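Please have a look at it before I go on.

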Amino acid sequence: MNPVSNSLIIGLTGGIGSGKSAAADRFANAHGIHVVDADLKSRVVVEPGRPALQHIVDRFGSDILLENGSLNRAALRERVFQDVDQRLWLEALLHPLIREEIISDLASATSPYALLVSPLLVESGQHAMTERIIVVDVPEATQILRTSQRDGVPEAQIKAIMQAQAKREDRLRHAHDIILNDQDLATLHAQVDALHERYLAMTTGATP
């Protein structure tokens, strides 16, 4: 087992718009699996009063904040994906803090296995905390279409985000299991359910 948890830790990743959240929700809601979402942890570490937020303000100015004093994530995202150096600075600040939050949450898992969901699982080194990796895979054109419909952001910004993430073939090279999410929700759920049975068998020592 992983030293940060008594549960088997499975990483789940995929590019923007791939359907990671839908897959994670199925693991959690249908099977009671403890899910740790790195995106949510990335929000926690920049909450008002946290040192990281002040560092970001010092770097980008107070106009990076909303009126209520919280981080304007959309404005920050636009800034960092236009400037590689700014993005690398932000990642160097936040990734260690996010890792600490993830480790703390994984340590509290009581389900037979836990799921670490992260769009940057491979790129950030978070995959080192896992024993197995699931990649939710879709064609890049589908990523762009889904993200545009969901978030209403320009295609150029979506492509910039995709450039900062691992290439599709790189993610697949790290995968132990692949969920192909190019059909309907029922098809996605069926793949999750099958993986759940496999992971349960792994935790009991049975042949997966």
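Let me begin with a term: a residue is called buried under 20% relative accessible area, exposed over 50%, and partly exposed in between, with a 1.4 Å probe and protein chains only. What we are looking at is a predicted model, in which local features need pLDDT of at least 70 and side-chain atom pairs count only at pLDDT 80 or more, while totals for chains, interfaces and linings use all residues. Residues are numbered from 1 along each chain as its sequence is written, and side-chain values use heavy atoms, with hydrogens and water left out.

Now to the rings: those of Phe, Tyr and Trp (its six-membered ring) pair if their centres lie within 6.5 Å, and planes under 30 degrees apart count as stacked, over 60 as edge-to-face and the rest as tilted. By this rule there are three aromatic pairs. In one of them, Phe60 and Trp89 have ring centres 6.0 Å apart and planes at 75 degrees, so they are edge-to-face. This pair links distant parts of the chain, since Phe60 sits in helix H3 and Trp89 in helix H5, 29 residues apart; helices here are DSSP runs (H or I) of at least four residues and strands (E) of at least two, numbered from the N terminus. Phe60 is buried at 7%, whereas Trp89, at 23%, is partly exposed.

Tyr113 and Tyr199 are also edge-to-face, because their centres lie 5.3 Å apart with the planes at 75 degrees. Tyr113 belongs to strand E3 and Tyr199 to helix H9, 86 residues apart. Are these two buried or exposed? Tyr113 is buried, at 0% relative accessibility, and Tyr199 is buried at 0% as well. Together with Phe27, Tyr113 and Tyr199 form one aromatic cluster.
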